[in-house]
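Subject: Structure for you to look at

Hello,

I am passing on the structure we spoke of. My notes on helix packing follow below it.

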Amino acid sequence: MVRSTARTVANTGIGVAAVVLVALVWLGVAAPTGTHPLFYFGLIFLGGAALSLLLADVGAAAAGSRGPAASQTDLRFFQGIRRLVLAMWLCTVVAGALGVLVVLAIAGGRGGTTPLSTSTMTVAFVGAAITVVWAGITSVVMRRVLPRS
C-alpha cells in the first residue's frame with residue numbers, strides 16, 4: 001500500500017509542480033514592459049513554493065521505491081521522509097503567501113509602472129493555491145501511510 005500510494009501522490013505532485021513552474025516562467029517572460037521589478041520577486045517566491053512541492057514529491061517517490069521491510073534503518077528513512085514532507089508543506093505555505101503578498105502589493109501599477117492584468121493575477125494566485133493544497137495533501141497522505149517508529 002505504501003508503494004502505490006506514494007507513487008500516485010508523487011507522480012501527481014511532480015506533474016503539478018512542473019505545470020506551475022512552466023506557468024510562472026511564462027508569466028515572467030510574457031510580462032509587459034514597464035511591469036514593476038518586484039513582480040519578478042513575487043514570481044520567484046511562487047516558484048520557490050513550487051520547488052518545495054517538487055522536493056516533497058521527490059521524497060514521496062523515494063519512499064515509494066523503498067521495499068517493504070521493518071529494519072531500524074528503514075524506519076529512520078521513513079521518519080526522515082515524514083519530516084521532509086511536513087517541512088516542505090510549511091515552506092510551500094510561507095513562500096506561496098510571500099509571493100501572493102508581493103504580487104498583490106504591486107498589482108495596481110504604482111509609481112508609473114504597468115498594472116497587472118486580471119489573467120496574470122489569476123494564474124499567479126491559482127498556481128500558489130494549487131501548490132499549497134497539493135503540498136498539504138502530500139504531507140497528510142504520506143504521514144498517514146508511512147510507518148511510525
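Please keep in mind that this is a predicted model. I started from Thr92, which, apart from neighbours within four places in sequence, is in contact with Ala49, Ser52, Leu53, Thr131, Val132 and Ala135. Thr92 itself belongs to helix α3, residues 72–106. With a relative accessibility of 0%, Thr92 counts as buried, the cut-off being under 20%.

Next, the pair α2 and α4. Helix α4 covers residues 118–145, and its axis lies 10 Å from that of α2 at an angle of about 25°. The two are therefore roughly parallel, since angles under 35 degrees count as such. Their crossing is left-handed. On the α2 side the contact includes Phe39, Leu46, Ala49, Leu53 and Asp57; on the α4 side, Thr120, Thr131, Trp134, Ala135 and Met142 are among the residues met. By type, the residues of this contact comprise 13 nonpolar, three polar and one charged.

The residues in the contact of α1 with α2 are 23 nonpolar, five polar and three charged.

Regards

How values were computed. Residues numbered from 1 in each chain as written. Predicted model: local features only at pLDDT ≥ 70, side-chain atom pairs only at ≥ 80, totals over all residues. Heavy atoms only, no water. Nonpolar A, V, L, I, M, F, W, Y, C, P; charged D, E, K, R; others polar. Helix = DSSP H or I, 4+ residues; strand = E, 2+ residues; numbered from the N terminus. Buried < 20%, exposed > 50% of the residue type's maximum accessible area, 1.4 Å probe, protein only. Contact = heavy atoms within 4.5 Å. Axes fitted to C-alpha atoms, helices over the stretch in contact; angles between N-to-C directions. Parallel < 35°, antiparallel > 145°, perpendicular 65-115°, else oblique. Left-handed = near helix turned anticlockwise from the far one by under 90°.
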